[in-house]
Amino acid sequence: MGKSLHLLSQSELVFAIKSNESDVLKHFYTTNYKKIEVLILKNSGSVEHAKDIYQDAFITVWTHVKNDKFTPKNDTALQGYLYTIAKNKWTDVLRSKSFKNSKSLDYEALTFVKDEEQNKNEDLENNKLKIAMLAFKNLGQPCKQLLSTFYFDKKSLKDIASELQIEETTARNKKYRCMEKLRAMVLASK
Amino acid sequence: MLKDNSDISKELLEIIERYINGSMTTQELKDFNQLLELDDDFKIKVADIKTMLTGIETQSLKEQLDEFHEDIPKTFIKKSVDKTVRYLNLSKMAAAAAIIIAVGSIWFFSTPENEKLYTNYFKPDPGLPTTMSSTDNFDFYDAMVKYKHGDYNIAIEKWQALVERKPENDTLNYFLGVAHLANKNVIDAIPFLERTVQSKDTFPLINDAHYYLGLAYLKEGNTELARIHIGLSNTNDAKELILKLTD
């Protein structure tokens, strides 16, 4: 019965988020969605808006936790933080021109809103990150799988190698080649 | 391979990675920082690698979120719990342990199965006897009195203040959990009950804690976790309910 599954103290939760423990991320994701859906549905949004905003907010919280930009101060701080971020994002969308005009939320509307509020430096960083994300998205499946298992799931090369039934050195070389491929794609799109 | 001149060897890449994930020794880190200061190109390379790693992680997460999303229980339209909760039965509070006699009649209206089971099986915990006059525990029992009167918000507020000083206290976590449940706030109840069940199993109300946690998950629509926790409880209601959940 997954003891680790349930994120008790906030510090455990922070630790689990930083290590991308899938079970914990999933639990955190699924148990906090409802409140935000209710909020958005009550405020002229649709279920699709709720999902987009929530996922966007979730990634923001995850990023902030990873970079120690947010440290929880009480028992439900992270949950509250997620809610606040989603709420703010939704408020921004509601205020944005494109939403007022069309009442439909497309990706442009969301990015537009985000860009408005950020300073240039952050924009630049964000842009670089977007490029990297896109490149990774389009990377071939085997490489994608390998890099994701290593960098996101944080599995050791040894474990990866034994799963793929290859030598550890081979896995290490593959990982390097995949990174080179990804770097080439990133550099090409600059 | 790369059109750019920014070739990075495998070894260098691994060193940079160790710098980024913070697994360098103090000496290595010192050398590395020196290099960063001296060589601007190198600094840019490191920053670029860092962005790439963040990109890999962020995109990986993003691609998982849709999967997570499918596991969110669908919204329940009816809130049929409302009534039952009000029937706070203040009768004899035996050892707080024993709970509930299930409502026998099952009605098949439009309410989802889980919701229906929850409504049938959920009765607030009767609380602890409050005859004690020990001054240490005054605040605790003061809140208990409120709880028994159905003033859940006040009880929660008082217990919350106590639990902040003693986050590990099973009894406090347990009653905060059941008070949130009685207050129809399943989402806030879960973390407290989770904390209770993860404590040593010498906690006298452990069976009730599993039972209520299971009910909370049931209400949340997570039948799998509901089954696990209800299965771990040996109360009569749990034994009865588990049969309904397994068929």
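**Why we call it that: a tutorial on chains A and B**

Student: Why is A:Ala86 called buried?

Tutor: A:Ala86 has 26 C-beta neighbours inside 10 Å, so A:Ala86 counts as buried. Before we go on, please note that this is a predicted model, where local features need pLDDT of at least 70, side-chain atom pairs count only at pLDDT 80 or more, and totals for chains, interfaces and linings use all residues. Residues are numbered from 1 along each chain as its sequence is written, while chains are lettered from A and ligands numbered from 1 in the order in which they are written.

Student: Where does A:Ala86 sit, and in which helix?

Tutor: In helix α4 (residues 77-95) of chain A. Helices (H or I, at least four residues) and strands (E, at least two) are DSSP runs, numbered from the N terminus. Chain A has ten helices and zero strands, and buried residues make up 32% of its 190 residues.

Student: Which residues is A:Ala86 in contact with, leaving aside its neighbours within four places in sequence?

Tutor: Two residues are in contact if their C-beta atoms, placed from the backbone, lie within 7 Å. By that test, the partners of A:Ala86 beyond those neighbours are A:Ile36, A:Ile53, A:Tyr54 and A:Ala57. As for A:Leu39, 47 residues apart from A:Ala86 along the chain, the two C-alpha atoms are separated by 9.5 Å.

Student: How is the packing of α1(A) and α2(A) described?

Tutor: Two packed helices are described by the angle between their axes and the distance between the axes. Axes are lines fitted to C-alpha atoms, for helices over the stretch in contact, and angles run from 0 to 180 degrees between N-to-C directions. Helix α1 (residues 10-18) and helix α2 (residues 22-42) of chain A pack at about 115°, with axes 8 Å apart. A:Leu13, A:Ala16 and A:Ile17 of α1(A) meet A:Val24, A:Leu25 and A:Phe28 of α2(A).

Student: What classes do the residues of that contact divide into?

Tutor: Ala, Val, Leu, Ile, Met, Phe, Trp, Tyr, Cys and Pro count as nonpolar, Asp, Glu, Lys and Arg as charged, and the others, Gly among them, as polar. The contact of α1(A) with α2(A) has six nonpolar, no polar and no charged residues.

Student: How many residues of chain B are in contact with chain A?

Tutor: 31 residues of chain B are in contact with 35 residues of chain A. On the chain B side, α3(B) gives the largest share, 15 residues.

How values were computed
A residue is buried if 20 or more other C-beta atoms lie within 10 Å of its own, exposed if 12 or fewer, and partly exposed in between; C-beta atoms are placed from the backbone.
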